[in-house]
There are 2 protein chains.
Amino acid sequence: MYQTLKGFRDFLPEKAIKRTELINKLKNIFEQFGFDPIETPALEYADTLLGKYGEEADKLLYIFEDKGKRKIGLRYDQTVPLARIISQYQNITKPFKRYQIQPVWRAENTQKGRYREFIQCDIDIIGSLDILSDFEIVDLVLTAFKKIGFKKTKILINDRKNFYGINNSLIASIDKLPKIGEEKVIEELIKKSLKKEEAKKLLNSIKNKSLSEDIKKLFNLLKEKGYKENVDFVYQPTLARGLDYYTGIIYEVVDEDYPTSLGGGGRYDNLIGLFTGKNIPAVGFAFGFDRIIEAIESLSLLKTQKTKTQVLVTIFSSDLIKKSLEIVNFLRKNNINAEIYLNQNDKLEKQLKYADKKGIEYVVIVGPEEAKKNVVNLKNMITGEQRLISLISLINLI
Amino acid sequence: MYQTLKGFRDFLPEKAIKRTELINKLKNIFEQFGFDPIETPALEYADTLLGKYGEEADKLLYIFEDKGKRKIGLRYDQTVPLARIISQYQNITKPFKRYQIQPVWRAENTQKGRYREFIQCDIDIIGSLDILSDFEIVDLVLTAFKKIGFKKTKILINDRKNFYGINNSLIASIDKLPKIGEEKVIEELIKKSLKKEEAKKLLNSIKNKSLSEDIKKLFNLLKEKGYKENVDFVYQPTLARGLDYYTGIIYEVVDEDYPTSLGGGGRYDNLIGLFTGKNIPAVGFAFGFDRIIEAIESLSLLKTQKTKTQVLVTIFSSDLIKKSLEIVNFLRKNNINAEIYLNQNDKLEKQLKYADKKGIEYVVIVGPEEAKKNVVNLKNMITGEQRLISLISLINLI
């Protein structure tokens, strides 16, 4: 039997509807904040991708040879393609505010519950060093999570400059503090060849770092907007974020009701320079789409819809098909999502069962009596209630 | 310099906005007609894809080996993944009406102006032999093209059964009749080893085929709905459509104002059987997304938008940043897409230039006088007109 590949997923209507709904909400907010959409190809030259994410990530790239013997690779994230775009189309007006919502592919170990194909939702501002850009991103993120329905979301904030002069591998251990606790972090640091004293001293110095100038400015803007420190935003001096390319303020979103981070981002003023030859400042955020969907489900933030169809119009008998077609047409013209039952010889009972299984809320039944009087029988499949109404009332009711 | 691969495209805001707008229109109509969305992975087992499209198409598949030595391939169309879905999730309620809008990849010869990555927009009904399904598809297609703004769209219709007993290669030549004319078709048939007399006789017999029973039923339904024969729909007995899997009524959409077909589809009652072991009837249509976009552009059916941002709020001076932030926030809360200028030290002139280059229609300017009186200067960047108005009037105006 034919199957999906490990780490890849089909989305049948119930899931696809929920995903689309979340995407639409996010797009709406992105556009409200002045971000415009772009799209990039799924495939890039391997050279564009390799060496940009770090050694570990390079191993997860899907790299192939095409029929023209070109080395090509599947999109791994949306930041590197964005950097390529900035270098390829130098006349793009900056600051350039773009959002991008496309799948990415990573050859992850699926035993860790990771997917090999997932959607990324990114917003980025290219070409502004101004703290207002960092503020805009944080403001958008907090607004978005509230609009989606999250109640206990906060954004953890740090300045990557706080780690100046410290080796990346040590930073990675310090970053784990909230997850694994102080003792384990120190153990890791010792394994990475620090002496116990040094490890303790390093961790303490990071934990006690005072706010950088940029963070102070950002926090002032956030407070002026009405956000509350330690409720909406929190200074977390051990926060490092995985990727090596961050250069300034970084952030991560968490919700008290959900165990893992729901997205993150920060300032990366040097990455685009790898493509353009000259540095162009940039700041961005990636929404963890799959985790947000999982959190939405576990917190019931969106109602589940099995179908977008609101009404099934049944067929009473073959001489009444015309009537049923008229009604379904009338409903559609009035912006109601409506189906006509598509096997005209099936009994009414089977037609109702179809609506029930598909999760369609209303069923319209038109027998000869109703057709004569120009009314319909409307059955609510959830309550079981049934009533005779005119077509106009039908529109108003649904 | 880093570039996109041949046959692959970036879509910057102006194009991405137009594409999204078309997708939203199509989705809206699909859902009105009772179709629900699904998504399938970009990568499938190569075995799922190979041998389903015909020999020529198999050569265009992107087939690779992944790190687990699996032979995998990129999605080539959305019909085969749909067939896989029907076989993998046997409890899906049928008739199953789904739409799918995702990219597909084909290693086409780019010199022919073909893309290697493009979006497909498909609707299909699985599990209904009823002529009502064929009618629903045709009705939806005609409705959709009208809603998009096309004025001279017609759907060419034929029954693939008309070609019963004729070799596929000969059918392919007959299909070309409207493009290359009778003489050339006969030449081709002769090259394919028919005698001149035989070729003429074959072509004539096809040209004069009378309506099949199914086409008669379909045309009656279309006429009852108010569609006009030879205006909205046309019988074209030589129409064959490329793919081998069609078994019944087939169709193709053309518009008098545009040279190539804008989409096509038909009934394919045997394809799903290749996956499930038992035949399940199916009918569907694929909108030629890229061609529709091209036609929309050449016929100016959608207005061009360089940005979704409606208003740029400028920053008059650093002590008035707070005021500008308040205004941009107020606009967003009222569902107006608004940006704040993101380099607070730039002169007003530069800020206006930015709005102009980006194509933002309105600019808000708040100097110390305006801030005191709680009004703003609103400049229309198209007309150049500028006026003082209150914040409430601002909302109403935009």
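Start by showing both chains and selecting where they meet: 67 residues of chain A are in contact with 67 residues of chain B (two residues are in contact if their C-beta atoms, placed from the backbone, lie within 7 Å). Now pick out helix H1 of chain A, residues 13-32, which gives the largest share of the side touching chain B, six residues. Helices (H or I, at least four residues) and strands (E, at least two) are DSSP runs, numbered from the N terminus. Colour that side of chain A by residue type and you get 30 nonpolar, 18 polar and 19 charged residues. Here Ala, Val, Leu, Ile, Met, Phe, Trp, Tyr, Cys and Pro count as nonpolar, Asp, Glu, Lys and Arg as charged, and the others, Gly among them, as polar.

A word on what you are viewing: this is a predicted model, in which local features need pLDDT of at least 70 and side-chain atom pairs count only at pLDDT 80 or more, while totals for chains, interfaces and linings use all residues. Residues are numbered from 1 along each chain as its sequence is written, and chains are lettered from A and ligands numbered from 1 in the order in which they are written.

Next, look at the two chains together. Chain A can be laid on chain B by a turn of 180° and a shift of 0.0 Å along the axis, with an RMSD of 0.0 Å (superposed by least squares on the C-alpha atoms of residues with pLDDT of at least 70 in both). That is the relation of a two-fold axis. To find the axis, select A:Phe64, whose C-alpha comes closest to it among the residues of chain A, at 3.3 Å. The copies meet through the same surface, because 100% of the interface residues of chain A are also interface residues in chain B.

Now move to the open sheet of chain A, where five strands run in the order S13-S12-S14-S15-S16 with mixed pairing (two strands pair if DSSP finds at least two bridges between them). Strands S13 (338-340) and S16 (386-390) stand at the edges with a single partner strand each, so one side of each has no neighbour in the sheet.

Finally, zoom in on strand S14 (residues 362-365) of chain A, which four bridges join to the antiparallel strand S15 (residues 375-380). Select A:Tyr362 to find its bridge partner A:Asn380, then A:Ile365 to find A:Asn377. S12(A) pairs with S14(A) in the parallel sense over three bridges, and A:Leu312 stands opposite A:Val363.
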